[in-house]
Amino acid sequence: MIRFVLNVLWLVFGGGIVLAVGYGIAALICFVLVITIPFGVASLRLAVYSLWPFGRTVVPKPGAGVGSGLANILWVVLAGWWLALSHILAGIALCVTIIGIPFGIANFKLVPAAFWPLGRDVVDVP
């Protein structure tokens, strides 16, 4: 029940909707530029994860190979570093207040996924 309440508060006050829309627009752009479809899939994964982060985590995908590693290097150079940095800065800013600490932690949870998204899955925490 607490996860549900935190997720609803995250959507309204923590920026979940804004993050999901941003990642969704990036995914649409990647889908239009046909060669970047794997990055679009990763952006959609991040959009869904940023909508409902409490009670979920990112784990390595079994069977992810060298291709996803090489694509992640390209992702880091083009988008991953500034996405991760923005989540870190937002997390620090949210942790300044006591009420914002859970939302800051959620932003910190998004850092690894934003920095290195290919070859990972978002799963529910038991």
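Let's start at Phe 39: setting aside neighbours within four places in sequence, this residue is in contact with Cys 30, Ala 71, Leu 74, Trp 75 and Leu 118. Keep in mind as you look around that the model is predicted.

Now step back to the surroundings. The largest nonpolar core has 20 residues, and the members that touch the most others are Trp 10, Tyr 23, Phe 39, Trp 75 and Leu 83. At least two residues of this core come from each of α2 (16-32), α3 (37-51), α4 (66-94) and α5 (101-115).

From here, we can follow the aromatic rings. A ring pair is described by the distance of the centres and the angle of the planes. The model has five aromatic pairs. One of them joins Trp 10 and Phe 54 edge-to-face, at 6.4 Å centre to centre and with 85 degrees between the planes. Because Trp 10 lies in helix α1 (residues 2-13) and Phe 54 in the loop between α3 and β1 (56-60), this pair ties together parts that are 44 residues apart in sequence. Trp 10 and Phe 54 are both buried. Follow the ring pairs onward and you will also meet Phe 103, which is linked with Trp 10 and Phe 54 into a cluster.

Terms used:
Residues are numbered from 1 along each chain as its sequence is written. This is a predicted model: local features need pLDDT of at least 70, side-chain atom pairs count only at pLDDT 80 or more; totals for chains, interfaces and linings use all residues. Side-chain values use heavy atoms; hydrogens and water are left out. A nonpolar core is a set of buried Ala, Val, Leu, Ile, Met, Phe, Trp, Tyr and Cys residues joined through side-chain atoms within 4.5 Å. Buried means under 20% relative accessible area, exposed over 50%, partly exposed in between (1.4 Å probe, protein chains only). Helices (H or I, at least four residues) and strands (E, at least two) are DSSP runs, numbered from the N terminus. Contact means heavy atoms within 4.5 Å. Rings of Phe, Tyr and Trp (its six-membered ring) pair if their centres lie within 6.5 Å; planes under 30 degrees apart count as stacked, over 60 as edge-to-face and the rest as tilted.
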